[in-house]
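Subject: the model you asked about

Hi,

My notes on what turned up follow below it.

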Amino acid sequence: MRRALSFILLVPTVLAACGDKEMDDGEDGDDDIYDHTPGEGEGEGEDTGTTCDGTWSTIEGIVSGPYSDDPTPGAQVYVWGDEFDDTYQTETDDDGAYSLTIPPATEAWVEAYTSDGCWSYSTDFEAEECMVLSIDINIEDCDVADKPNLYLYPESDTPMQVSLGLDWRQSVVASDPPYPASGWKGIAHPDGTWTEDGYLEPSPFLFYEVSLAGWQAQELQRDSGWCIPFGGLAAVHAMADILADYGFNARERDDFVDAWVHDLPLADSYAVYPQLAVDPYAQLHIFPRVAVDRLWLVVDDGAGCAPRLEPEVIPFERSGVHGVEWGVVLGNLVR
């Protein structure tokens with residue numbers, strides 16, 4: 001299930017301040033977890049000191065959601081700010097709790113992400129010297145590039161390597177063949193199929209899904225698009241017709257219909273926004289190099305389909321060695 005984008009106002013709570021004094025975590029002993037004197041080359045927020053030196057602060061809290069108020073174990077938490085040389089990262093524990101030590105900053109943010117593309121972040125906050133701040137985050141927004149299908153068309157069977165360049169907050173949610181850390185390695189065939197190393201049978205295409213970071217989801221263009229004033233199977237075929245206008249062939253369009261005939265969330269109408277500049281959301285690194293034309297469709301609930309600026313469609317050049325890719329981002333639709 002996906003939810004519409006929303007931002008949650010999270011107000012930091014200052015739990016303690018120490019000035020230049022030792023900070024007490026409430027436990028016996030001298031190894032207080034909030035006492036941090038950063039050493040040479042540090043940047044991960046490790047706790048290494050026992051006396052507050054009047055600089056580093058601690059930020060901590062509980063991450064919950066999505067889809068409930070339950071704590072979220074295993075969420076990735078990042079603290080960043082324009083004044084930081086590094087981004088500080090940790091993972092929530094089994095109780096959904098996190099804690100990081102950071103340098104002071106007049107403006108910083110906390111972001112939390114799950115592996116399946118759900119995210120949220122705090123409003124900006126000030127990290128004063130030697131403060132302990134509590135910021136809880138409830139994750140509500142889930143944005144994933146769904147089912148991108150990548151077709152490569154060499155002139156003859158060609159060994160290739162294909163990898164994805166992602167933002168550090170992104171992850172590969174699903175893939176077929178399974179996407180290894182080093183990327184796919186196999187044989188691209190002239191008919192657009194792919195045989196992964198170690199596999200006997202070819203795959204019809206390279207399939208993957210990637211989570212989108214918050215900033216990426218917000219930058220998807222919705223200035224121009226189309227209204228599909230009906231739902232059901234006819235709407236899926238209407239989207240396939242958009243692919244045809246860009247030059248996708250019959251097999252590629254059939255794959256689109258097969259992928260979405262049961263998975264497109266129900267709505268009375270749809271607003272469809274083409275995304276042609278998708279490298280900022282998932283770069284393709286292909287060796288030997290192949291030029292790939294890419295089209296992702298952002299699909300929102302049409303809500304009656306108000307008039308909108310219709311895009312200019314320029315069909316892809318599909319001669320010689322080339323590749324094409326289609327994908328979908330379900331915007332405010334609830335699956």
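Glycine 225 sits in the loop between helix H1 (214-219) and strand E18 (helices, H or I with at least four residues, and strands, E with at least two, are DSSP runs numbered from the N terminus). Its relative accessible area is 2%, so glycine 225 is buried; buried means under 20% relative accessible area, exposed over 50%, and partly exposed in between, with a 1.4 Å probe and protein chains only. Between the C-alpha atoms of glycine 225 and valine 299 there are 9.6 Å, although the two are 74 residues apart along the chain.

A word on the ground rules: this is a predicted model, with local features needing pLDDT of at least 70 and side-chain atom pairs counting only at pLDDT 80 or more, while totals for chains, interfaces and linings use all residues. Residues are numbered from 1 along each chain as its sequence is written, and side-chain values use heavy atoms, with hydrogens and water left out.

Now the cores. Valine 299 turns up again here, as one of the residues with the most contacts inside the largest nonpolar core, alongside Met239, Phe256, Trp260, Tyr270, Val272 and Leu297. That core has 32 residues (a nonpolar core is a set of buried Ala, Val, Leu, Ile, Met, Phe, Trp, Tyr and Cys residues joined through side-chain atoms within 4.5 Å). The elements giving two or more residues to it include strand E12 (144-153), strand E18 (226-228), helix H2 (232-246), helix H3 (250-260) and strand E21 (292-301). H2 gives the most, with 8 residues. There is also a second, separate core of 26 residues, and Leu164, Trp194, Val278 and Val298 are among them. As background, nonpolar side chains tend to be buried together in soluble globular proteins.

Next, the salt bridges. The count comes to 6, where a salt bridge is a side-chain nitrogen of Lys or Arg within 4 Å of a carboxyl oxygen of Asp or Glu. Here are the ones I looked at:

- Lysine 147 pairs with aspartate 263, with 2.8 Å between the closest N and O atoms. Lysine 147 is in strand E12 and aspartate 263 in the loop between H3 and E19, so this pair ties together parts 116 residues apart in sequence. Lysine 147 is buried at 13% relative accessibility, whereas aspartate 263 is partly exposed at 31%.
- Glutamate 252 meets arginine 318 at 2.8 Å, N to O. This one runs from helix H3 to the loop between E21 and E22, so it ties together parts that are 66 residues apart in sequence. Glutamate 252 is buried, with a relative accessible area of 0%, and arginine 318 is partly exposed at 22%.
- Aspartate 255 and arginine 251 have their closest N and O atoms 4.0 Å apart. Both lie in helix H3, 4 residues apart, about one turn of the helix. Aspartate 255 counts as buried at 16% relative accessibility, and arginine 251 as partly exposed at 29%.

What about the backbone? Most residues other than glycine have a negative phi, and most peptide bonds are trans, which makes a few spots worth a look. Lysine 147, the strand E12 residue, has a positive phi near 55 degrees. Cysteine 130 also has a positive phi, about 60 degrees, although it is not a glycine. Cysteine 130 lies in the loop between E8 and E9 and is buried, with a relative accessible area of 0%.

Then the cis peptide bonds. The bond from glycine 65 to proline 66 is cis, with omega near -5 degrees, and proline 66 lies in the loop between strand E2 (57-64) and strand E3 (76-80). The bond from phenylalanine 287 to proline 288 is cis too, with omega near -5 degrees; proline 288 is in the loop between strand E20 (283-287) and E21.

Last, the surface. Which residues gather in a patch of negative charge? They are Asp82, Glu83, Glu107, Asp124, Glu126, Glu128 and Glu129. Patches are made of residues with over 30% relative accessible area and no salt bridge, like charges being joined within 9 Å and nonpolar side chains (Val, Leu, Ile, Met, Phe, Trp, Tyr) within 5 Å. Glutamate 129 is in the loop between strand E8 (125-127) and strand E9 (131-134).

Cheers

Note on methods
Accessible areas come from the Shrake-Rupley method with a 1.4 Å probe; for residues, only the protein chains shown count as cover. Lys and Arg count as positive and Asp and Glu as negative; His and the chain ends are not counted. The place of a charge is taken as NZ of Lys, CZ of Arg, CG of Asp or CD of Glu.
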